[in-house]
Amino acid sequence: MAEDSEAEKTEPASQRRLEQAREEGDVPRSREVATFTVLMAAGAGLWMTGSGLVRELSRSLTSGLSLTREQVYNPDVLISRILVDVVHVLLACLPLGVAVMVVALASPLLVGGWLFSSKAFTPNFMKLNPMTGLGNMFSTNSLVELVKAIIKSIVVGVVAYMVISRQQQEVIGLMAEPLHRGSAHVLEMLAFSFVVIVGALGFIALIDAPYQMWHYANKLKMTRQEVIQESKESDGNPQIKGKIRQLQREMAKKRMMQEVPTADVVVTNPTHYAVALKYTEGGQGAPRVVAKGTDEVAAKIRELAKEHRVAILEAPPLARALHKHTEIGDEISPRLYAAVAEVLAYVFQIKAYRPGLRYPDRPGKLDVPDDMDPLNKKQ
C-alpha cells in the first residue's frame, strides 16, 4: 500500500490542532461580517439619534459664533465657553459611539469568538519573505478576495444608484424647507441611504462567514501521518506503552511470587490453576488470595510452594472458583467460606500433626456453589 503523500491533507483537524491554532492567535475571521455589523450599527444609531445630534451641533455652532465682548477680550472666558460646547457635542455623540464600540467588540462572537493571544504579537520574520508574499498574491484565497471585492463593488453600486434615484424628488424639495428642518432631513436621508447600502453588504457577509469557516477547517486539515504522530505524542507510542505494561505485569508477577512462601495453602486444579491462600489467625478478615495463575504461572506457584514447604491441596472446583471470583489481595467470597474453612482446618491439622497421632483425613467433596465454577458455566 502506497504511503500517503505529505500534501494529501484529508483528515479533519484534531482538537489538539485546533487548540494549538487558537494559542497562536489563528481563528476563523470574517472581515465582511465585522464591517457589516459595525457599519450597520453606526448607520442605525445615526438614523435614530440624527435629529438630536443635528440640533446639538447647530446649537453648539450658533453658540460658538456668538461672542460677547467679555469673551472677545478675555481669552480665559472664551476657552471656557469653547470647552463647554465641546463637552456638549461629545455627550451628544456618546450614545452613537458607545453603540458602535459595543457592536465592534461583540462582532467577533459571530465568527471565531473572542481570542486573546500574546503569540499574535510575536514578530514573524517569515512574513517578510518576498517569495511567500508572491505565493500569497496568486493563491486561491487571494482570488476569492478579488472576487468578493468585485461583487461588493457591483452590489454597493447598484443599491446606491437605486437609493439615490428613489430620493431624487426629496433632494430637490430640500430647497423649500427651513434651515433647521432641512438639515435634519438631510441627515435622515443620508442615514437611511447609508443603512440600505450597508444592508446590501449583509448579502456578502452571509456568503463570506460560511466560506471563512470552511477555509479555516480546510487550512488546518492533517495528513494521516500527522494524525498518527499526534496520537503518539498525546497518547504515547503504542510500542512503548506495550513495553511499559509488560514491565508492570512482570513486576506485579514478581511481587505476587514473593507472597507465595507466606501462604498457608495452595489450592490447585491440579495443573491448570493454582491459588495461594493466606489466613491471619486472630484477624478480623477472611482468608485472602495472595497469588494466583494458570498454566506456567500455576506451575511456578506450585514449585515455590514445594520449595518453601507450603501445603498443596488438589481441589479443582475450588481452585477454579477462587481464580475466577477473587483478585489478588482480596478476601475470598463469602459463598466460599465453608469450603476454604475446611481446607484451612485440614492444613492446620497437618501442621499440628505429631508421630504417633492419627493423620488428618483429606477433605472430601468441598461445598463449592455450581454457579461459581467457570467449568460448570461453560457446560
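User: Why is Glu327 called partly exposed?

Analyst: The model is a predicted one, in which local features need pLDDT of at least 70 and side-chain atom pairs count only at pLDDT 80 or more, while totals for chains, interfaces and linings use all residues. Residues are numbered from 1 along each chain as its sequence is written, and side-chain values use heavy atoms, with hydrogens and water left out. Buried means under 20% relative accessible area, exposed over 50%, and partly exposed in between (1.4 Å probe, protein chains only). Glu327 has a relative accessible area of 48%, and is therefore partly exposed.

User: What makes the contact of Lys292 and Glu327 a salt bridge?

Analyst: The term requires a side-chain nitrogen of Lys or Arg within 4 Å of a carboxyl oxygen of Asp or Glu. For Lys292 and Glu327 the N to O distance is 3.8 Å, and the pair is a salt bridge. Lys292 lies in strand 3 (residues 288–294) and Glu327 in the loop between helix 12 (316–325) and helix 13 (337–352), 35 residues apart. Helices (H or I, at least four residues) and strands (E, at least two) are DSSP runs, numbered from the N terminus. Lys292 has 12% relative accessibility, so this residue counts as buried.

User: How many salt bridges does the rule give?

Analyst: The count is 5. Among them is the pair of Glu32 and Lys152, at 3.2 Å from N to O. This pair links distant parts of the chain, with Glu32 in helix 2 (residues 31–65) and Lys152 in helix 6 (residues 140–166), 120 residues apart.

User: Is Glu32 buried or exposed?

Analyst: Glu32 is buried, because its relative accessible area is 10%.

User: Which helix gives the most to the nonpolar patch?

Analyst: Helix 6 gives the most, with 9 residues. Helix 6 and helix 8 (179–219) each supply at least two residues. Phe203, found in helix 8, is one of the patch members. Phe203 has 48% relative accessibility and therefore counts as partly exposed.

Note on methods:
Patch = residues over 30% accessible without salt bridge, like charges linked within 9 Å, V, L, I, M, F, W, Y side chains within 5 Å. Areas by Shrake-Rupley, 256 points an atom, 1.4 Å probe, with all protein chains shown as cover.
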